[in-house]
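Reader: I'd like to learn how to read a few features off a model. Could you walk me through them one by one?

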Amino acid sequence: MANHRFSVVSGSEEEEACCSKKAKICLGVFLGLLVLVTVAVVVGILMGRRSPKWNGKGSTVDFQEIILRRCYTYIRVVQPELGDRDCQKIKKAFTDAFISKDPCSAREEDYDLLMKLGHQTVPCDKTVFWSKTKELAHQYTKTQKGLFTLENTLLGYIADDLSWCGKVGSSEINLESCPDRRNCNSNFVSVFWNLLSKRFAENACGMVQVFLNGSISNAFDKTSTFGRVEVHSLQPSKVHTLKAWVIHDSGKTPRDTCSGSSINELQLILRGKNIKFTCQENYRPI
Ligand SMILES: *[C@@H]1O[C@H](CO)[C@@H](O)[C@H](O)[C@H]1NC(C)=O
C-alpha cells in the first residue's frame with residue numbers, strides 16, 4: 001500500500017518534472033537562437049559598415065554624369081577639332097567596360113571600344129610626360145598651348161582623378177569601395193591608366209619631354225607609370241629625343257639631379273632604345 005501510494009506520487013512528480021524540463025529546454029533553445037540571430041545581424045551590419053570589401057575608395061559619385069559633362073567640355077571647348085566625337089557613346093563604352101563585372105578581373109580588351117572611340121593623335125614634339133610633378137606639368141601645358149600631357153587628351157581628361165568599379169550581378173556602380181593595388185593589379189582603374197599611358201607613349205613622336213621631381217630621392221622612379229610603362233613604350237622609329245626636366249622646388253633642398261643615379265638609369269634605358277637623351281634642372285616657377 002505504502003509502495004503503491006509512493007509510486008503514484010512519485011509518478012506524478014516525474015511527469016511534472018518532465019514537462020517543466022521540456023518547457024525550459026524549449027525556452028532555452030528559443031532564447032539562445034534569438035540571441036545568436038541578433039548578434040549575427042548586429043555583427044553583419046557593423047562589419048559591413050566598418051570594413052568595406054575593398055581597400056580603395058568607392059566610385060566617384062555621379063561618375064556617368066561627370067564623364068559625359070567632361071566629354072562635352074573637351075570636344076566643344078578644349079579641343080573643338082574633336083567635335084565629331086559621340087560623347088553618349090563614349091559614356092556608354094566606358095560604363096559597359098566595367099559594369100556587372102568582378103572589379104578585380106579587368107583586362108585591356110574590356111576597354112577596346114572606349115579606346116577606339118577616344119582615339120586621338122597628338123602632334124609630334126608635343127607630348128609631355130610627368131612623374132610626381134602632375135600639378136606643375138598641367139600648369140605648363142596650360143600656358144604652353146599645343147602641348148599634351150595624358151590628361152590633356154580626351155580620355156585622360158575625362159577620367160582624371162575619378163574612381164570607378166562595379167559589382168558582379170548588379171548593374172549599379174559600386175559607391176562603397178573599389179579595389180586598389182593592395183587588392184589586385186587587375187582593377188579597372190589601374191588597367192585603364194596603364195593602357196592609356198602605354199598608347200599615349202607608343203603614339204608619341206619627335207622630341208618628347210618629361211618633368212621629374214628633383215625634391216625626391218628618385219627623380220626617375222622605375223615603379224611610376226612613366227618608369228614602368230611610358231618610357232618603355234616609346235618607339236625609337238618615331239621618337240628621336242627625350243628631354244628631361246628635373247624640377248626643384250624653391251626653398252627645398254634638391255634631393256636628385258641630372259647627374260644622380262636615378263637619371264643615369266633613365267639615360268641607360270634610352271641609350272638601349274637609341275633615343276637621344278638630354279637633361280636640364282630648373283627651379284619651379286612660383
Ligand atoms: C615634388 O614632390 C613633393 C613631395 O611629394 C611635392 O610636394 C612637390 O610639389 C613636387 N614638386 C613638383 C615640382 O611637382
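Reader: Is Asp 160 buried or exposed?

Author: Buried means under 20% relative accessible area, exposed means over 50%, and partly exposed is in between (1.4 Å probe, protein chains only). Asp 160 has a relative accessible area of 16%, so Asp 160 is buried. Bear in mind that this is a predicted model, where local features need pLDDT of at least 70, side-chain atom pairs count only at pLDDT 80 or more, and totals for chains, interfaces and linings use all residues. Residues are numbered from 1 along each chain as its sequence is written, and side-chain values use heavy atoms, with hydrogens and water left out.

Reader: Which side chain meets Asp 160 in a salt bridge?

Author: A salt bridge is a side-chain nitrogen of Lys or Arg within 4 Å of a carboxyl oxygen of Asp or Glu. For Asp 160 the partner is Lys 134, at 2.8 Å, N to O. Lys 134 sits in helix H5 and Asp 160 in the loop between helix H6 (154-159) and strand S3 (166-167), so this pair ties together parts 26 residues apart in sequence. Helices (H or I, at least four residues) and strands (E, at least two) are DSSP runs, numbered from the N terminus. Lys 134 is partly exposed, as its relative accessible area is 24%.

Reader: How many salt bridges does the structure hold?

Author: There are 15. One of them joins the side chains of Lys 132 and Asp 221 (2.9 Å, N to O). Lys 132 is in the loop between S2 and H5, and Asp 221 is in the loop between strand S6 (206-213) and H8, so the parts tied together are 89 residues apart in sequence. Asp 221 is buried at a relative accessible area of 16%, whereas Lys 132 is partly exposed at 45%.

Reader: What about Lys 252 and Asp 249?

Author: They form a salt bridge too, with the closest N and O atoms 4.0 Å apart. Lys 252 is exposed at 52% relative accessible area, while Asp 249 counts as buried at 15%. There's also a network of salt bridges linking Lys 101, Arg 107, Glu 109 and Asp 110.

Reader: On to pockets. What is the volume of the largest pocket?

Author: On a 1 Å grid over the protein atoms alone, a pocket is an open set of points where a 1.4 Å probe fits, with protein on both sides within 12 Å along at least five of seven lines; lining residues have an atom within 4 Å of a point. Volume is the space filled by probe spheres set on the points. Here the largest pocket comes to about 690 Å³. It has 33 lining residues, and Trp 130, Arg 181, Val 189, Trp 193 and Thr 225 are the closest to its centre. H7 gives the most to that lining, with six residues.

Reader: And how much space lies in the second largest pocket?

Author: About 430 Å³. Its lining has 13 residues, with Val 78, Thr 141, Lys 142, Asn 152 and Tyr 157 nearest its centre. Helix H5 (residues 134-143) gives the most to this lining, with three residues.

Reader: Last one: which residues make the nonpolar surface patch?

Author: Patch residues have over 30% relative accessible area and no salt bridge, and nonpolar side chains (Val, Leu, Ile, Met, Phe, Trp, Tyr) are joined within 5 Å. In this model Ile 25, Val 29, Leu 33 and Leu 36 make a patch of about 400 Å². Ile 25 belongs to helix H1 (residues 2-50) and is exposed, with 54% relative accessible area.

Note on methods:
Patch = residues over 30% accessible without salt bridge, like charges linked within 9 Å, V, L, I, M, F, W, Y side chains within 5 Å. Areas by Shrake-Rupley, 256 points an atom, 1.4 Å probe, with all protein chains shown as cover.
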